[in-house]
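Hi everyone, thanks for coming. Let me put the structure up so that we can walk through it together.

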Amino acid sequence: MAQRRDIDALISAMTLQEKASLCSGRDFWTTQNVDAHGIPAVMLTDGPHGLRKQQGASDHIGLNESVPATCFPPAAALASTWDPVLLNRIGVALGEECRQENVAVLLGPGINMKRSPLCGRNFEYFSEDPVQAGELGAALIAGIQSQGVGTSVKHFAANNQETDRLRVSAEVDERTLREIYLAAFERVVTGSAPWTVMCSYNRINGTYASEDPWLLTSILREEWGFAGVVVSDWGAVNERVPGLLAGLDLEMPGSGGATDAEIVAAVRAGTLDESVLDTAVARILQLLERVRPGIEAGGRYDSAGHHELAREAAGQSVVLLKNDRSALPLDPSTVGSLAVIGAFAKAPRYQGAGSSQVTPTRLEHALAGLRRLAAGVEVSYAAGFSIDDEADDPALVAEAVAAATAAERVVLFLGLPARYESEGFDRTDLDLPANQLNLLRAIVDTGRDVVVVLANGGVVSLEPWHDSVAAIVEGWLGGQAGGGAIADVLFGVVNPSGKLAETIPFALADTPSHVNFPGERGKVRYGEGVFIGYRWYDMLGRDVRYPFGHGLSYTTFSYRDLVVRAVNADAGQVEVRCTVTNTGAVAGSEVVQLYVGDPESTVRRPVRELKAFAKVSLDPGASETVVLTLAGRDFSFYDVRLGGWKREGGVFILEVGASSRDIRLSGAIELPDDGATVPLDHGSTLGEWLAHPVGGDLLRSRVFASLNGDAESLSAEIMQMLASMPLTRFSRFPGVDLTAAALTALLAEANA
Ligand code: BGC
């Protein structure tokens with residue numbers, strides 16, 4: 001990277017207009033070049049589960065063609081792998097593709113929380129949990145950037161729906177933002193230092209993310225230490241000069257110079273300090289220096305190798321939700337005939353729609369994969385329904401019923417057609433299309449054991465048909481090699497190990513954001529607060545169809561020997577170990593999940609929260625000791641009064657599970673209070689004074705001791721009643737010897 005000195009010298013040599021021009025794009029996908037100073041234009045483009053590089057007509061919603069690139073499974077699928085090592089490898093592959101195509105920055109990953117299953121972009125977001133989304137996002141970013149290609153983690157922040165996405169104000173309290181909606185970004189920024197961050201379209205509590213100094217400067221840069229470029233989502237700039245002041249460096253796409261002129265005018269008018277512009281320009285020039293070696297080196301990627309990696313990833317993403325009577329895996333030596341039903345078996349839905357839409361280098365469908373693996377098995381196929389509409393087609397249904405009746409085993413491919421979920425709009429229900437549900441009923445009525453394979457980005461309802469089928473395989477959107485990967489799982493070539501990153505509810509009305517999603521009149525209230533996803537269902541004790549973290553395997557695992565040990569109790573550093581054994585007959589992988597709960601707290605906290613996880617691969621009979629470590633933050637909540645994180649002393653519950661509702665081992669640890677104290681003020685109550693480490697003694701010795709009668713007469717019941725009374729009011733009561741001046745002095749002493 002060029003020395004800071006060089007950048008400073010360059011900036012001094014540039015005119016005001018030249019500097020302003022660098023702060024917005026030249027066109028849809030490239031930054032502005034300044035030839036007089038040898039500053040090149042570089043390309044930023046989507047993904048992120050593949051490269052969407054357009055050479056002809058440009059757009060940001062996936063309309064026009066892009067060059068072929070490996071279409072890996074999108075984030076909803078990758079999240080189900082719970083495998084940062086795999087995500088890192090995919091990141092490396094994406095970086096290689098960017099290098100070949102001269103792309104400087106890949107626009108992703110999107111790590112927004114899945115607040116509602118209805119969000120149209122859930123297919124390209126990871127999880128309903130910030131630790132999981134943050135860990136996986138950080139791994140992908142590290143892989144991409146290891147190739148000298150930048151990333152743009154997005155959409156910062158609180159962009160959890162598509163409805164009215166360019167204007168809606170997410171009304172979220174600060175604790176919820178810190179603990180949930182900013183937490184994954186914090187993990188990624190502090191863990192993998194993305195070279196750019198993309199601010200979102202929406203407003204947060206009334207202020208556009210693109211012009212929010214609290215978000216883009218105080219939190220992102222000052223608290224988290226982000227040193228890169230903040231880029232706008234495409235068209236997210238509301239007003240350019242306030243945006244620049246707030247910390248938005250690069251506006252994309254370009255505005256044809258209109259907003260550059262606003263910057264120049266503001267500097268000339270004295271309303272924008274030129275040093276603010278210089279700071280943004282310096283960051284952009286640093287980015288150009290960072291991406292230069294990768295662009296100069298170029299490279300060619302191994303298309304066949306990347307396809308294989310995409311297939312491995314798709315296989316690892318599959319979540320086996322249900323497998324009654326060991327319906328799966330299919331054994332070609334015992335299955336004589338197999339009916340493959342459902343149009344998706346031949347016309348796979350393998351990615352989402354919108355800006356992330358990739359033109360794949362190849363495309364596999366499951367039917368071909370099944371036929372390849374089903375040596376000696378007679379495989380028939382019937383579409384059963386049309387993907388293009390919801391109308392029942394009696395001829396297709398009859399053909400499918402005949403195929404099912406004639407076969408020993410039935411695999412039924414169902415899912416959401418592309419028009420159901422996309423960037424730009426949200427779903428309004430969780431149901432599969434009516435024609436697919438009708439077909440499902442007809443196939444079940446044949447009396448065959450039915451295996452359902454699903455293709456969808458966001459979760460779909462499994463009601464009311466769940467109990468009528470033998471097995472359910474959640475294949476998500478599997479990318480270009482997803483078809484082969486499904487065949488691998490169905491025949492047991494791959495033992496499924498995916499686990500849900502999103503709860504599957506019984507009903508939409510059960511979901512945490514239901515009464516507020518997607519808001520109205522320009523606002524969406526995050527009324528459920530920190531109780532997103534499983535945090536909500538656990539708090540309410542509500543049943544779900546499949547919980548966060550759930551996923552079956554063709555083998556089984558046992559958990560034993562939990563050891564919880566404080567490494568440094570004062571700092572809240574804790575080590576958790578347990579031994580996991582593969583107790584079945586085939587090799588498999590298990591995702592070990594560690595949840596933390598704080599049963600006694602001064603704020604309302606979730607019953608359990610995921611804080612760490614590990615994936616282990618074990619041969620039959622093999623065991624491995626899993627070691628997970630926790631830090632002080634993992635026990636803390638965000639205390640808005642402190643303006644910081646707070647770990648209250650006491651006993652914390654540690655649960656190790658195979659899902660959030662399949663807790664196998666449970667332990668506890670007592671940790672001391674971290675000592676962070678909210679200062680007392682004139683509004684503090686007697687209860688708060690008494691709980692304060694210094695104020696409590698002062699109150700007792702200086703105020704209670706001088707009461708008429710004796711302080712002992714303040715019985716426990718009376719104290720309970722008085723606890724909520726501010727000391728300021730109490731001080732004015734007859735008989736209380738505490739002047740206003742003395743109270744102010746007492747406050748100073750308590751807070752000293
Ligand atoms: C999307 C971004 C995307 C950008 C560029 C926007 O509509 O929200 O995720 O990176 O377009 O295509």
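I'll start with the ligand site and then turn to the cavities.

A quick word on the basis: this is a predicted model, where local features need pLDDT of at least 70 and side-chain atom pairs count only at pLDDT 80 or more, while totals for chains, interfaces and linings use all residues. Residues are numbered from 1 along each chain as its sequence is written, and side-chain values use heavy atoms, with hydrogens and water left out.

So, which residues come nearest to the ligand? Among the 15 around it, they are Asp46, Arg121, His155, Asp233 and Glu423, where "around" means having a heavy atom within 4 Å. By class, that shell holds seven charged, five nonpolar and three polar residues; Ala, Val, Leu, Ile, Met, Phe, Trp, Tyr, Cys and Pro count as nonpolar, Asp, Glu, Lys and Arg as charged, and the others, Gly among them, as polar.

For the side chain of Lys154, the distance from an N or O atom to a ligand oxygen is 2.9 Å.

On to the lining of the largest cavity. By class, 14 of its residues are nonpolar, five are polar and two are charged. Of the 21 lining residues, Pro348, Arg349, Ala455, Gly482 and Ile486 are closest to the cavity's centre.

Terms used
Polar contact = N/O pair within 3.5 Å; in protein donor to acceptor, adjacent residues only side chain to side chain. 1 Å grid on protein atoms, 1.4 Å probe; cavity = no way out; pocket = protein on both sides within 12 Å on 5 of 7 lines; lining within 4 Å.
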